[in-house]
Amino acid sequence: MAATAATTTGATSALVKKAGASGDGEIEQLRFITPEQAWNVVGAYGSPVYVYDLATLQSRANQFLSVPNPYGLTVRYAAKAWTSKAVLELFNSMGLWFDVASGNEAKRVINAGVDPSHVQMSSQELPSDFGELFTSGVRINLCSLDQIRRFGESPAIVALRASRGAAGVEVGIRINPGIGSGGTNTTNTGGPSASFGVWYALLPDAVALATQYGLVFRTVHMHIGSGSDPTIWIKAVNLTIGFIEQYFPDCTTIDVGGGYKVARMSYENATDIMKCGREVSALLVQFAQKTGRKLYLEMEPGTYLVANAGCTISKIQDIVSTEKDCDAGHVFLKLDTGMTSVLRPMLYGAQHPLVVVPQKVVPDPNTMEYVVVGHDCESGDLLTPAPSNPEELKPRLMQEATIGDLCVIEATGAYCSSMSTAHYNSFTEAPEVMLTGKGPSDFVLIRKAQSLSDLWANELSFH
């Protein structure tokens, strides 16, 4: 950190460095938006504002659609990553199908024009109207023994089973293969510490219930975490194939989930999805040679498609210091956003690139270490935590900033807009903008800013 206090104008301190002068950190750069575009977007819609890049979204989707597969592939976008209508319409037009995590999410996707038969739901909470969703064409993966019971006993399913006779009702099952892997402990959705899916040792019970209720498991689904280790992931796929052979003779589709790691920070490595496709293909061919069964492949990318296609533009609204007479002090950049737009750092200790866009171009800018915080009255509203430790401050080397400069939070396309804590401290939801080209004004509004009156629109007086 700097050895002397910074003023609210970002004055140079004793440890201010010229960019590139130190090997103790790397200054992150803008990914897709230009400084001119950033200022123009803020001029048009204010800050904070989410911005997404159309070209990156299209490129990532096309990349996944070309993943190697031996017997057919459906790419399902994990809609919970970012659920705005614009991205749902875009991916639908490109031939992607969809995975949703709740009944409301299913309705939201269908409202965007998606055919219900292109929607699959794997939910921690089976919605009360699941029968209506299922009969409309939504495929449901049952995620617990009780979900199997509830599904089998539902009047809608009983009636459907009666109409189909011996054919039974085709449905999917999500299993927990016994192992998991996530970028952090809180993004691990497999293994004994995760409640997601039917535990592998209970699969005989699941099969017995399915037989009792006349259900046929056509799809076997697994998802072991977000940001998972590819080595553990392929091991989980292999285990799942083994369970299909042992317990699910009617299964025709294996859904290997999502969670493919992306490189948000410049020093991170992303999952090689082509390599994953080749390795899964080899397992499926081996299974076919052994059993004569050619399993159709489904994959559910969310983060991989949208994370690096989005950024959040904020404004530096204050700079404060605790360094005077204190060796443990810091210089803090206070943004006009935080957990109300980008929750991941506070929740997971997630790392996001932070890029200062100055009001005036500086040819050879100085750098400083900053702790970057949000605008909420919450000590945990932190944009620069230590990796995987949201309670530890981790100063970040950045271009020297002044009040009024922009700070672009990169890699916020996934689990930011859809997982924000907007309304805390009565802050409203930020607008969303899509970049359509490289020109200074090549952007369109895809979600309006929420008005303040929307916050209390549903509130009623007590007297």
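Aromatic pairs come to 14 in this structure, where rings of Phe, Tyr and Trp (its six-membered ring) count as a pair if their centres lie within 6.5 Å. Planes under 30 degrees apart make a pair stacked, over 60 edge-to-face, and the rest tilted. The model is predicted, so local features need pLDDT of at least 70 and side-chain atom pairs count only at pLDDT 80 or more, while totals for chains, interfaces and linings use all residues. Residues are numbered from 1 along each chain as its sequence is written, and side-chain values use heavy atoms, with hydrogens and water left out.

**Aromatic rings**

Tyr50 and Tyr52 form a stacked pair because their ring centres are 6.5 Å apart and their planes stand at 25°. Both residues are buried, a word that here means under 20% relative accessible area; exposed means over 50% and partly exposed lies in between (1.4 Å probe, protein chains only).

The rings of Phe134 and Phe151 have centres 5.1 Å apart and planes at 90°, so this pair is edge-to-face. Phe134 belongs to helix H5 (residues 130-136) and Phe151 to helix H6 (residues 145-153), so the pair ties together parts that are 17 residues apart in sequence. Helices (H or I, at least four residues) and strands (E, at least two) are DSSP runs, numbered from the N terminus. Phe134 is buried at 11% relative accessibility, and Phe151 is buried at 0%.

One aromatic cluster is made of Phe64, Trp233, Tyr260 and Tyr304. The charged end of Arg60 sits over the ring of Tyr304, 4.1 Å from its centre. For this, NZ of Lys or CZ of Arg must be within 6 Å of the ring centre and within 35 degrees of the ring normal.

**The second largest pocket**

How much space lies in the second largest pocket? The volume is about 350 Å³, taken as the space filled by probe spheres set on grid points that are joined across faces, edges and corners. A pocket is an open set of points on a 1 Å grid over the protein atoms alone, with protein on both sides within 12 Å along at least five of seven lines; lining residues have an atom within 4 Å of a point.

Of the 20 lining residues, Gln29, Val356, Pro358, Pro365 and Gln399 are the closest to the centre of the pocket. Helix H1 (35-45), strand E14 (354-357) and strand E18 (396-399) each give two or more residues to the lining. E14 gives the most, with 4 residues.

**Cysteines**

The structure holds 0 disulfides, a disulfide being a pair of cysteine sulfur atoms within 2.5 Å. The sulfur of Cys143 has its closest cysteine sulfur in Cys251, 15 Å away, which is too far for a bond. For Cys416, the nearest cysteine sulfur is that of Cys311, at 11 Å. Cys143 is buried, with a relative accessible area of 5%, and Cys416 is buried at 0% relative accessibility.

**Backbone details**

The peptide bond from Ser47 to Pro48 is cis, with omega near 0°. Pro48 is in the loop between H1 and strand E2 (49-53). Two residues other than glycine with positive phi are set out below.

How values were computed. 1 Å grid on protein atoms, 1.4 Å probe; cavity = no way out; pocket = protein on both sides within 12 Å on 5 of 7 lines; lining within 4 Å.
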